[in-house]
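Reader: I would like a close look at one part of this model and at what surrounds it. Please give every cut-off you rely on. Keep it brisk.

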Amino acid sequence: EDGKIELRAMPEARFCNLTNTIHGGWAMTMLDTAMSLAAQTTLAPGETCPSLETTAKFIRPISIHSGVMHVTGHVIARGRTIITLEGRIENADGKIHAHGTSTCMIVPCKA
């Protein structure tokens, strides 16, 4: 569906930090990927949409025992030059572990 994307991601031990939970960088990467893919569903051929800003809020720790995580991204608003997005990481029970927002700039294709 245009403006929406859903991914599945499995946290692995190699992404653990010193507290033996999954590093926030992993969660940020998953959010950034889902949100940018959602933005790309709205682009015309040849357009690109680099990120201007991305934020993440870590709500619950993710561990290697968390199981498959559901990562979603969706477009909140798309204008002529800016796309605003939201992303979520939830476990199989629907509990949220991380939330993010992103703003992307639409770069038109060159003639």
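**A loop residue and its surroundings**

Author: Start with Thr 81. Leaving aside neighbours within four places in sequence, Thr 81 is in contact with Cys 104, Met 105 and Ile 106. Contact here means heavy atoms within 4.5 Å. This is a predicted model: local features need pLDDT of at least 70, side-chain atom pairs count only at pLDDT 80 or more, and totals for chains, interfaces and linings use all residues. Residues are numbered from 1 along each chain as its sequence is written, and side-chain values use heavy atoms, with hydrogens and water left out.

Thr 81 sits in the loop between S3 and S4. Helices (H or I, at least four residues) and strands (E, at least two) are DSSP runs, numbered from the N terminus. Thr 81 counts as partly exposed, at 37% relative accessibility. The scale is simple: buried is under 20% relative accessible area, exposed is over 50%, and partly exposed lies in between (1.4 Å probe, protein chains only). Thr 81 and Met 105 are 24 residues apart along the chain, yet their C-alpha atoms are separated by 5.7 Å.

Ile 82 is partly exposed, with a relative accessible area of 32%. With Leu 52 and Met 105, Ile 82 makes a nonpolar surface patch of about 240 Å². Patches are built from residues with over 30% relative accessible area and no salt bridge; like charges are joined within 9 Å, and nonpolar side chains (Val, Leu, Ile, Met, Phe, Trp, Tyr) within 5 Å. The areas come from the Shrake-Rupley method with a 1.4 Å probe; for residues, only the protein chains shown count as cover.

Arg 78 and Glu 47 meet through their side chains in a salt bridge (3.3 Å, N to O). Arg 78 lies in strand S3 and Glu 47 in the loop between H1 and strand S2 (51-58), so the pair ties together parts that are 31 residues apart in sequence. A salt bridge puts a side-chain nitrogen of Lys or Arg within 4 Å of a carboxyl oxygen of Asp or Glu. Arg 78 is partly exposed at 35%. Glu 47 is partly exposed too, at 22%. By this rule the count is 5 salt bridges. Among them, Arg 14 pairs with Glu 12, with the closest N and O atoms 2.7 Å apart. Arg 14 is exposed, with a relative accessible area of 64%, while Glu 12 is partly exposed at 35%. Lys 4 and Glu 1 form another, at 3.9 Å, N to O. Side chains of opposite charge can pair when their charged atoms come close.

Then go inside. The largest nonpolar core has 22 residues, and Trp 26, Ile 62, Ile 83, Leu 85 and Ile 89 touch the most other members. Helix H1 (24-40) and strands S3 (69-78), S4 (82-90) and S5 (96-105) each give two or more residues to this core. H1 supplies the largest share, 8 residues. Such a core is a set of buried Ala, Val, Leu, Ile, Met, Phe, Trp, Tyr and Cys residues joined through side-chain atoms within 4.5 Å. In soluble globular proteins, nonpolar side chains tend to be buried together.

Take Ile 62 from that list. Beyond four places in sequence, Ile 62 is in contact with Pro 11, Thr 21, Ile 22, Trp 26, Ala 27, Met 69, Ile 89 and His 97. His 97 lies in strand S5 and is buried, with a relative accessible area of 6%. The side chain of His 97 makes a polar contact with that of Asn 91 (3.4 Å). A polar contact is a pair of N or O atoms within 3.5 Å; within protein, one must be able to donate a hydrogen and the other to accept it, and residues adjacent in sequence count only if both atoms are side-chain atoms.

Finally, the whole. The protein has 1 helix and 5 strands, in the order β-α-β-β-β-β from the N terminus. Buried residues make up 31% of its 111 residues. Of the contacts between residues at least 6 apart in sequence, 66% join residues at least 24 apart.
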